[in-house]
Amino acid sequence: MGVDLRQVVAGILTLTMFVMLGQMIKRDHFDSLQDKLPGEGEDAHFESVNAIENDGLVKLSKRSKGPWMEDIQELKPCWSRTDLDELEQSRGYVTFSLTNGPEYHVSQVADAVVVARYLTATLVLPDIRGSKPGDVRNFEDIYDVDKFMKSLDGIVKVAKELPNEISIRDLAAVKVPNRVTEDHIVESVEPVFKSKGNIRLATYFPSVNMRKTAQKSSVDSVACLGMFGTFELQSEVLEVVDSMIERLRTLSRKSNGKFIAVDLRVGILENKNCHGSGSARAKSCYNAQEIALFLRKVGFDTDTTIYLTQSRWDNSLSVLRDIFPKTYTKESVIPDEKKGKFLESEDSEFEKVIDFHICSESDVFVPAISGLFYANVAGKRIASGKPQILVPADIPGTSAPITNYLSPYVAKRNHLAYSCFC
């Protein structure tokens with residue numbers, strides 16, 4: 001019996017469509033495992049290379065070997081301090097702590113600034129608490145206090161500590177959701193503040209989704225300032241980060257000093273939640289072998305320098321180094337004289353801060369793990385003109401255009417940062 005050529009072509013086209021659909025579902029699934037914005041379309045199909053370049057999303061480098069992308073012009077803040085009402089007389093205090101690492105810190109500060117501004121309360125400089133009991137640091141151990149206070153001048157009053165006459169035990173504990181709204185403050189925070197006079201704020205995260213919303217709010221400008229305009233590293237920490245980045249660029253001479261940062265932590269990869277789920281086998285994280293194959297298939301040379309957020313080298317990472325010999329963890333690139341202080345333990349806040357800022361400054365960022373680290377590194381990169389964020393996928397065949405895997409936060413311009421910067 002003869003073969004109908006039309007049926008063969010139709011079969012090939014159908015198979016191709018299913019493969020493309022599978023990849024699209026995986027990328028959207030990676031950005032948010034729980035949430036879908038109302039009205040967002042299901043078409044995660046990205047534009048061609050030329051269309052993405054013409055839109056100004058990314059620009060492919062013509063100076064470096066491999067599929068490197070250039071930085072774009074740094075975006076300007078959309079918010080204006082002149083849009084805010086004059087600061088009223090402060091009454092009462094709002095205290096809070098920074099917890100769980102820098103990816104949480106930026107959101108916690110934004111919510112605290114929004115709440116304090118709305119209540120016309122004085123914001124108390126937060127301490128920094130690690131994951132272990134008793135692991136408490138001062139704000140100035142990691143961040144620049146003067147920058148923080150100056151950035152909020154005229155927005156909220158900031159005090160370095162509570163007055164002696166106010167006991168911590170007298171503070172009313174109040175929880176607010178990340179990206180707190182004015183309605184929530186009115187309904188759940190303001191009554192407690194009026195009753196008690198002083199509150200201790202804690203942000204919880206019902207979602208790690210950082211997509212922008214269509215609704216505009218009177219607190220948007222304050223939230224943008226709190227999230228993107230308050231934090232700078234203190235001088236010693238900044239010096240360590242800069243020296244590590246310089247070391248990575250020195251190791252990357254063949255790619256004009258360009259390197260890739262991959263958020264890949266073995267402990268999280270071993271968690272069962274990292275496995276595929278659903279009919280499309282959409283995944284929330286990728287292991288070392290999958291990352292290695294992904295980077296090769298999108299065109300990166302085996303001589304590419306790769307920085308991993310994993311604290312110490314683990315044997316499971318060897319498969320990545322077999323393909324990309326210039327793969328490093330922080331212990332390999334941090335100055336020797338700084339190891340005692342900055343690599344003191346696997347839960348060190350310093351290590352988390354180092355990873356966050358190197359991933360924000362690298363020439364390409366690849367989040368092997370979905371979550372808030374990915375979302376807030378993406379925000380910082382978008383704001384600073386570094387949109388080169390690649391969401392990994394299991395690529396069928398031997399190669400694929402790199403722009404097919406540009407983060408939807410960038411490709412769709414749907415990150416919260418695009419509401420804050422123009």
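## Strands β3 and β4

V94 stands opposite L123 in β4. The strand β3 (residues 93–99) has five of its seven residues buried, where buried means under 20% relative accessible area with a 1.4 Å probe and protein chains only. Strands here are DSSP E runs of at least two residues, and helices are H or I runs of at least four, numbered from the N terminus. β3 pairs in the parallel sense with β4 (residues 122–124) over two bridges; pairing requires at least two DSSP bridges between two strands.

## Basis of the model

This is a predicted model, in which local features need pLDDT of at least 70 and side-chain atom pairs count only at pLDDT 80 or more, while totals for chains, interfaces and linings use all residues. Residues are numbered from 1 along each chain as its sequence is written, and side-chain values use heavy atoms, with hydrogens and water left out.

## Four-stranded sheet

An open sheet with parallel pairing has the strand order β12-β11-β10-β13. Its edge strands, β12 (327–328) and β13 (364–367), each pair on one side only.

Within this sheet, β10 (residues 259–263) and β11 (residues 305–308) run parallel and are joined by four bridges. V262 of this pair stands opposite L308 in β11.

## Negative patch

E239, D242, E246, E337 and E361 form a negative surface patch. Helix α7 (residues 235–250) supplies the largest share, three residues.

E337 lies in the loop between α11 (330–333) and α12 (339–342). E337 counts as exposed because its relative accessibility is 62%, exposed being over 50%.

Conventions: Patches are made of residues with over 30% relative accessible area and no salt bridge: like charges are joined within 9 Å, nonpolar side chains (Val, Leu, Ile, Met, Phe, Trp, Tyr) within 5 Å. Accessible areas come from the Shrake-Rupley method with a 1.4 Å probe; for residues, only the protein chains shown count as cover. A salt bridge is a side-chain nitrogen of Lys or Arg within 4 Å of a carboxyl oxygen of Asp or Glu. Lys and Arg count as positive and Asp and Glu as negative; His and the chain ends are not counted. The place of a charge is taken as NZ of Lys, CZ of Arg, CG of Asp or CD of Glu.
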